[in-house]
Amino acid sequence: MKQSTKALKTPIRISLVALLCGMLMRILNWPYTGGIIFTSFLAILILYSIRFSKKENKQPVAYIKIALVLFWTTNGLLKILDFPYTIIFQIGTAITFITWFAMEGTAYFMDEDRKAKNTFIEVAWNFAMVIGVLTIICGGLMHLLGWEFSIPTLTVGLTIVTGYILKDIFNPVKEEIQDRNNEELRL
């Protein structure tokens, strides 16, 4: 697996972890969650905008991604500030997400030759991420319906997703094994 050259990758991921922790704290009714979530959304918005501006050759999917991030973070910021009419940003987020998934979708997990580049462990972690997201969705729906165990379900989902992101941040970079058969040994 080659090392990614994306700008501001680690600060964006740290902001996402802070956002998820803030949401978990909000579910548990801990203090100062509004400030943590607001700061996280603002950091994601600023960092991804800088990352987009540094990108040299911008494909159409890059514009879809920046629109997705702008709609999503603006919606989050305005929700924290209790502004009305955030439905416009939610619809924008949904449309840009569907467009991104239609354009890139599962190709995100493949290499240039359209072969799967993930090992079994990476596939297992991606599966855990999907389970975490589905658990968050189920917990949110359970909470809306006032069902029992909705908060623990949300907490488990957020913990799984946060663990996935933390694993990604602190995962050591794998070096590719190079073929040294045709190399001379120099002393």
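**Notebook: a helical protein, looked up piece by piece**

**Entry 1: the opening pair.** I started with H1 and H2, and I noted that these two helices are roughly antiparallel to each other. This is a predicted model, so I kept that in mind throughout. The reason for the label is the packing angle of about 160° between H1 and H2, since an angle over 145 degrees counts as roughly antiparallel. Their axes are 8 Å apart. I also wrote down that H1 passes H2 in a left-handed crossing.

**Entry 2: the overall picture.** How many helices and strands does the protein have? I got six helices and zero strands. Going from the N terminus, I read the elements as α-α-α-α-α-α. I then looked up burial: the protein has 187 residues, and 28% of them count as buried.

Entry 3: Which helix has the lowest confidence, and which the highest? I found the lowest in helix H5 (residues 120-145), with a mean of 83. The highest is in helix H2 (residues 33-54), at 94.

**Entry 4: H2 against H3.** Two packed helices are described by the angle between their axes and the distance between the axes, so I looked up both. H2 and helix H3 (residues 60-80) pack at about 160°, and their axes are 9 Å apart. That makes H2 and H3 roughly antiparallel to each other. I noted a left-handed crossing where H2 passes H3.

**Entry 5: H3 against H4.** Next I took H3 and H4. Their axes come within 8 Å and cross at roughly 150°. H3 and H4 are therefore roughly antiparallel to each other. H3 passes H4 in a left-handed crossing.

**Entry 6: Asn29 in a loop.** I looked for Asn29 and found it in the loop between helix H1 (9-27) and H2. Its phi is near 60°, a positive value in a residue other than glycine. Is Asn29 buried or exposed? Its relative accessibility is 69%, so I put it down as exposed.

**Entry 7: the loop between H3 and H4.** Asp82 lies in the loop between H3 and helix H4 (87-103). Phi of Asp82 is near 60°, again a positive value in a residue that is not glycine. Asp82 counts as exposed because its relative accessibility is 67%. I found Tyr85 in the loop between H3 and H4 too. Tyr85 is at 67% relative accessibility, which means that it counts as exposed. I also checked Tyr85 against Asn75: they are ten residues apart in sequence, and their C-alpha atoms are 9.5 Å apart in space.

**Entry 8: a length check on H6.** Helix H6 (residues 150-170) has 21 residues. Why should it span 30 Å? I worked with 1.5 Å a residue, and the rule takes one less than the number of residues.

**Entry 9: which side of H6 is buried?** I listed the buried residues of H6: Ser150, Thr153, Leu154, Gly157, Leu158, Val161, Thr162, Tyr164, Ile165 and Ile169. They cover an arc of only 160° around the axis, so they sit on the same side of H6. The spacing in the list looked worth a note. An α-helix has 3.6 residues a turn, so residues three or four places apart point the same way.

Note on methods: Residues numbered from 1 in each chain as written. Predicted model: local features only at pLDDT ≥ 70, side-chain atom pairs only at ≥ 80, totals over all residues. Heavy atoms only, no water. Helix = DSSP H or I, 4+ residues; strand = E, 2+ residues; numbered from the N terminus. Buried < 20%, exposed > 50% of the residue type's maximum accessible area, 1.4 Å probe, protein only. Arc of directions from axis to C-beta. pLDDT = per-residue confidence, 0-100. Axes fitted to C-alpha atoms, helices over the stretch in contact; angles between N-to-C directions. Parallel < 35°, antiparallel > 145°, perpendicular 65-115°, else oblique. Left-handed = near helix turned anticlockwise from the far one by under 90°.
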